[in-house]
Amino acid sequence: MKILVLGIGNILFGDEGIGVHLSNFLKLNYRFSGENEVDFVDGGTLATMLIPLITSYDKVLILDCVSVNNAHIGEVYYFDFDNVPKIITWAGSAHEVEMLQTLRLTAINGDLPPVKIIGIIPEIIGEDTAFTLSEPVKEGAKVMEKLALEFLAENGIHAQRIDNRDLQEVANGSFRGYE
């Protein structure tokens, strides 16, 4: 079985890039082994361009921002795409709406593998470019990391910690990409 961990977000706008940053963080800080294959991909804001990638996997874990009315920055939500909680509005930024549409389009075509989403409430920073993550999102990212590792373990993938890079350090270099 092939599993995709897909980091989504705009890394130029602080917290909105958390999906990409956390995907890179996991890739750099852990070695993964087990009966199944896992790939970590920076999906950025590519949305519909990701359809061929998404459909080539058996299961997908998406790391992203979500919008929830009356929620606090740094709160984490974990759910199946087939059962999105009604409190998720997906209206916080353009990339969220595009990703939702991408998943719906793929599902309509009958090609969508099972998708889990781990989303966090970001601090919306407006128009200024920033790589800096807010403190509440850095704290919430620890919950996201734990949930992602649990998802992988449930799917036959063992994670061994091999490095201790800081999330902000990873975020600062995400624009370069990580192999």
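Aspartate 80 and lysine 116 form a salt bridge, with 3.1 Å between the closest N and O atoms; the term stands for a side-chain nitrogen of Lys or Arg within 4 Å of a carboxyl oxygen of Asp or Glu. This pair links distant parts of the chain, since aspartate 80 belongs to strand S5 and lysine 116 to strand S6, 36 residues apart. Both residues are partly exposed: aspartate 80 has a relative accessible area of 33%, and lysine 116 has one of 25%. Here, buried means under 20% relative accessible area, exposed means over 50%, and partly exposed lies in between (1.4 Å probe, protein chains only).

A word on what you are looking at: this is a predicted model, in which local features need pLDDT of at least 70 and side-chain atom pairs count only at pLDDT 80 or more, while totals for chains, interfaces and linings use all residues. Residues are numbered from 1 along each chain as its sequence is written, and side-chain values use heavy atoms, with hydrogens and water left out.

## The sheet around it

S5 and S6 are part of an open sheet of 5 strands, ordered S3-S1-S4-S6-S5, with mixed pairing. At its edges are strand S3 (37–44) and strand S5 (76–80), each pairing on one side only. From one strand to the next, the twist averages 15°. Strands (E, at least two residues) and helices (H or I, at least four) are DSSP runs, numbered from the N terminus, and two strands pair if DSSP finds at least two bridges between them. In general, strands of a sheet pair through backbone hydrogen bonds, either parallel or antiparallel.

S5 and strand S6 (residues 115–120) run antiparallel and are joined by 5 bridges. Valine 76 has isoleucine 120 in S6 as its bridge partner, while tyrosine 78 has isoleucine 118.

## Helices across the strands

Helix H1 (residues 18–29) lies across strand S1 (2–8), S3, strand S4 (59–65) and S6, at about 125° to S4. Helix H4 (residues 135–154) lies across S1, S3, S4, S5 and S6, and runs at about 165° to S6. For these angles, axes are lines fitted to C-alpha atoms, for helices over the stretch in contact, and angles run from 0 to 180 degrees between N-to-C directions.

Another joins lysine 146 and glutamate 150 at 2.7 Å, N to O. Lysine 146 is exposed, at 51% relative accessibility, and glutamate 150 is partly exposed, at 33%. The whole structure has 6 salt bridges.

## Two buried residues

Asparagine 24 sits in helix H1 and is buried, at 2% relative accessibility. Leaving out residues up to four places away in sequence, asparagine 24 touches Val170, Ser174 and Tyr178, where contact means heavy atoms within 4.5 Å.

Alanine 47 is in the loop between S3 and helix H2 (51–54), and is also buried, with a relative accessible area of 9%. Beyond its neighbours within four places in sequence, alanine 47 is in contact with Glu98 and Thr102. Its C-alpha atom is 9.8 Å from that of glycine 9, which is 38 residues away along the chain.
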